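Open the model in your viewer and keep the sequence panel beside it. This tour goes stop by stop, from the whole chain to single residues.

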Amino acid sequence: MINKSKEGEFMNISVVKNRCPQNHPCPSIKVCPTGAIVQNGFDAPSIDPEKCIECKVCVKYCPMGAIQAN
């Protein structure tokens, strides 16, 4: 998921699946202000690039460090 940031640089917010335990509801879903994080059951979540505003709240909130901004 590559988004163009406000500064004109490209940012990639992604989920590193091997860092996500995938056995619980993703806690970062509830802090995303735009609803850009979706999860199917207890699978690893994914980021909807159309909704993501690159605020990085999910990156800071993920307890496992599975959601990362590059």
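The stops below start with the overall fold and end in the loops.

**Before you click.** This is a predicted model, in which local features need pLDDT of at least 70 and side-chain atom pairs count only at pLDDT 80 or more, while totals for chains, interfaces and linings use all residues. Residues are numbered from 1 along each chain as its sequence is written, and side-chain values use heavy atoms, with hydrogens and water left out.

**Whole chain.** Show the cartoon. There are one helix and five strands, taken from DSSP runs (helices H or I, at least four residues; strands E, at least two; numbered from the N terminus). Along the sequence they run β-β-β-β-α-β. Switch to surface. The accessible area is about 4,500 Å², and carbon and sulfur atoms hold 53% of it (Shrake-Rupley method, 1.4 Å probe; for residues, only the protein chains shown count as cover). Of the 70 residues, 30% are buried (under 20% relative accessible area; exposed is over 50%, partly exposed in between; 1.4 Å probe, protein chains only). Take the contacts (heavy atoms within 4.5 Å) with a separation of 6 or more: 55% of them join residues 24 or more positions apart.

**The core.** Select Ile13, Val15, Ile37, Ile47, Cys52, Cys58 and Ile67. Of the 15 residues in the largest nonpolar core, these touch the most other members. Such a core is a set of buried Ala, Val, Leu, Ile, Met, Phe, Trp, Tyr and Cys residues joined through side-chain atoms within 4.5 Å. Strand E2 (residues 10-15) gives the largest share of this core, three residues. Now centre on Cys58. Leaving out residues up to four places away in sequence, Cys58 touches Ile13, Ser28, Val31, Ile37 and Ile67.

**The cysteines.** Cys20 counts as buried because its relative accessibility is 13%. Move to Cys55. Its closest cysteine sulfur, in Cys32, is 6.1 Å away, too far for a bond. Cys55 is partly exposed, at 33%.

**Two loop residues.** Select Gln22, in the loop between E2 and strand E3 (37-38). Gln22 is not a glycine, yet its phi is positive, about 55 degrees. Its relative accessibility is 33%, so Gln22 counts as partly exposed. Finish at Lys56, in the loop between strand E4 (46-47) and helix H1 (57-61). Lys56, also not a glycine, has a positive phi of about 65 degrees. Lys56 is partly exposed, at 35% relative accessible area.

Technical notes:
A disulfide is a pair of cysteine sulfur atoms within 2.5 Å.
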